[in-house]
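Colleague: Mind walking me through how the helices and strands are arranged here? I'd like to hear what backs up each label.

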Amino acid sequence: MRIFHVITLSSLGGAQSVVVNLANEQSKNNEVYVISSSSGEAWTALSNSVHIIKMKELRREISWRDIIVFLKLLYYRIKYKPDIVHLHSSKIGAIGRIAFPSNKTLYTVHGFDSIRVANRKFLQVELLLQKFCSYIVGVSLYDVKMMAVEGVCHNVKCIYNGIKDIKYSSQDDENMRLYVEQMSVIRTRYKKVVMCIARDDPPKDVSLFMQVANMFKDEGVAFVWVGNKSEYNGSDNTFFIGTVPMGYRLLTYADVFVLMSHFEGLPMSIIEAMSMRKPIVASDVGGISELLNGENGFAVKNDADEFAEKIRFVFSNQKRYDSMSHNARLMYEKYFTVNQMVSSYNDIYNEIARNNE
């Protein structure tokens, strides 16, 4: 099959990780194209067999350039005649559902609260366009439930995000040398490392991260944020490493993974941490409670005291810590491997293909 993956941004993020994992696996037996904005680091992880089409006019904000985006998508539709068009993210999900035939298109919503809560003015667009594709995919049961509450219920399925098993030593990569040196120094100075890997754009809560870090400044615990673009002044035990392509490679230096956020779909960063056997404390938003069950980590409200309490609880007993590490890995293996995700999407692709024969 000729498969299009179309996504608005090519910067590092959870939706982009899904595209990378799907495209790399599918390109082994199919002709796969990724269409996105022209700048960004996410596609460095794509296989050489994946074709990349960059659109300089494609940006997050709505503008007159979207007319050019629409016309280019029509051009690619005519030129390449894709068998499957897989849309990712809300903006391109809207433009793409108009530009491509609905009988060949599916649309993955990477966190419905980004529309329902943060950009509710676009909810009417989702309602109007829900039948302009064969399937809508939510990445968590929470998302599917919230879509139904809002009236988006036409051919909606849930497919959990998945990742390839991470078997990597960052010391083997010369490009990681600077980051390895930074983390080595931090590990030498501190007894424990709590790590967050995320962009510092909304909905992530950097201020809450710094607030929690400050509560541990006299306890020998370092708090490390990987993925920030801005500079921050936190307590002495707080470190902002900056943007790191495939930042999950630094998880080997972490003891606990945290994610402070106001809304989410099903965060890839948490799945990556689980695959690396890291206990997790994260905000109880979106599908995060479907990832964390108290035996591998905790979903808590966005309160500094609650985050601090659970982090201390994880660290307070080595036997408990080891058990949570083991359970994190088991949860990943049971539900969130890339093979499970690819297989679920391929079932939809094959059904769409059969219906178009």
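Modeller: Let's start with pairing: two strands pair if DSSP finds at least two bridges between them. Helices (H or I, at least four residues) and strands (E, at least two) are DSSP runs, numbered from the N terminus. This is a predicted model, where local features need pLDDT of at least 70 and side-chain atom pairs count only at pLDDT 80 or more, while totals for chains, interfaces and linings use all residues. Residues are numbered from 1 along each chain as its sequence is written, and side-chain values use heavy atoms, leaving out hydrogens and water.

Colleague: What is the strand order in the open sheet?

Modeller: β3-β2-β1-β4-β5-β6-β7, 7 strands with parallel pairing.

Colleague: What makes β3 and β7 edge strands?

Modeller: β3 (51–55) and β7 (156–158) each pair on one side only.

Colleague: How do you know that β6 and β7 pair?

Modeller: There are 3 bridges between β6 (residues 135–138) and β7, and the cut-off is at least two, so they count as a pair. Within it, I136 stands opposite V156 in β7.

Colleague: Why is α1 called roughly perpendicular to α12?

Modeller: Helix α1 (residues 14–26) and helix α12 (residues 338–355) pack at about 75°, axes 10 Å apart. Axes are lines fitted to C-alpha atoms, for helices over the stretch in contact, with angles from 0 to 180 degrees between N-to-C directions. Roughly perpendicular covers 65 to 115 degrees, so α1 qualifies against α12.

Colleague: Which α1 residues meet α12?

Modeller: V18, N21, L22, E25 and Q26 do, counting contact as heavy atoms within 4.5 Å.

Note on methods:
Angles under 35 degrees count as roughly parallel, over 145 as roughly antiparallel, 65 to 115 as roughly perpendicular and the rest as oblique.
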